[in-house]
Amino acid sequence: MKIIFILFFLWGVIIPFAFSQNTNILEETRFLKRIENNLIQGEYNLNGKGDVEKLFFGDFNAFVEFTFQPSFGTALGFRIVRNSLNSSYSLELKYVSNYEEANKEASKKYPPIGLSSSELSSISMADHKQIIAHNRVAFARKNEEMRKLFKIETRVYPLSNRLAEKLQQKIVSTITNFEPKAMSNPDVVSIIRDGYSVTFRTVVDNAVLFSLWIQNPNENILKMAELCKQIMKDAHANRLDEQKYLTTLKKMDLNEKFYPKFERQKAP
């Protein structure tokens, strides 16, 4: 068993168990919420996009963008854009078609140090720390190498104006109304466990860029994330069901307090 997995096990299971003897555990959510210019000096503002997002959506900021990134495995995403005549929408599904091959090649180039449980018990603490440091660097370099090897595939599907604009409205409302919960109880221990993250991004009136990156979403954000993941799953299987998504959007209780003025975004 590789040491990095042993450490995750100790943190994810033993430590929370020890805390639970005397106090409550709150699984905290990491997030980054931004409202900024869509354009800076006439160029699209891509500063808030991560490496994978730039692979998927590095040419411009679309009407709607959604990215799903698991802790391990391949990322997926989609964006909604208007056609060149500015009269209709399309959904572009983005995914990595060669994830396994890229992972295997990058792992050979930057291999981590793996130890069995018996080997782990026989090494010194200094060696222990050195191996962790080595694996941390190897993991970062492996990820960077994988991104260079990735082949991004795109599938395009027509989308009705009604669904595209309703989905954008809900995403803007979800981002705008998102507020982290303050933790005031000193007896509650906050931890952040490894998990998937999602990013919502949308442009309003071709001028304002709304975005929210969040790890392990919950409540209303989770509802939106699950809907977007379902859209990607259905698109990949060529079975988009717009009425189903509209019904889901209608049922969502997002406690909406803010609706921006919507104008048709001109195609880039």
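Let me start with Glu219, which is found in helix 7. Helices here are DSSP runs of H or I with at least four residues, strands are runs of E with at least two, and both are numbered from the N terminus. The phi of Glu219 is near 50°, a positive value in a residue other than glycine. Most residues other than glycine have a negative phi.

Before going on: this is a predicted model, where local features need pLDDT of at least 70, side-chain atom pairs count only at pLDDT 80 or more, and totals for chains, interfaces and linings use all residues. Residues are numbered from 1 along each chain as its sequence is written, and side-chain values use heavy atoms, with hydrogens and water left out.

Gln41 also has a positive phi, about 55°, although it is not a glycine. Where does Gln41 lie? Gln41 is in the loop between strand 3 (39-40) and strand 4 (43-44). Gln41 counts as exposed because its relative accessibility is 80%; exposed means over 50% relative accessible area, buried under 20%, and partly exposed in between, with a 1.4 Å probe and protein chains only.

Now the whole chain. It has eight helices and 11 strands. Of its 268 residues, 38% count as buried.

Back to helix 7, residues 219-236. It packs with helix 8 (residues 242-251) at an angle of about 180°, and the axes are 11 Å apart. Axes are lines fitted to C-alpha atoms, for helices over the stretch in contact, and angles run from 0 to 180 degrees between N-to-C directions. Helix 7 is therefore roughly antiparallel to helix 8, a term for angles over 145 degrees. Which residues make the contact? From helix 7 they are Met224, Leu227, Gln230, Ile231 and Asp234, and from helix 8 Lys244, Tyr245, Thr248 and Leu249. Contact means heavy atoms within 4.5 Å. The residues of this contact divide into five nonpolar, two polar and two charged. Ala, Val, Leu, Ile, Met, Phe, Trp, Tyr, Cys and Pro count as nonpolar, Asp, Glu, Lys and Arg as charged, and the others, Gly among them, as polar.

Last, two other helices. Helix 5 (residues 125-149) has 25 residues, which should span 36 Å at 1.5 Å a residue, and its end C-alpha atoms are 36 Å apart, which agrees. The expected span is 1.5 Å times one less than the number of residues. Its buried residues are His128, Ile131, Asn135, Ala138, Lys142, Glu145 and Met146. In helix 6 (residues 161-177), the buried residues include Leu163, Leu167, Ile171 and Ile175.

Technical notes
Angles under 35 degrees count as roughly parallel, over 145 as roughly antiparallel, 65 to 115 as roughly perpendicular and the rest as oblique.
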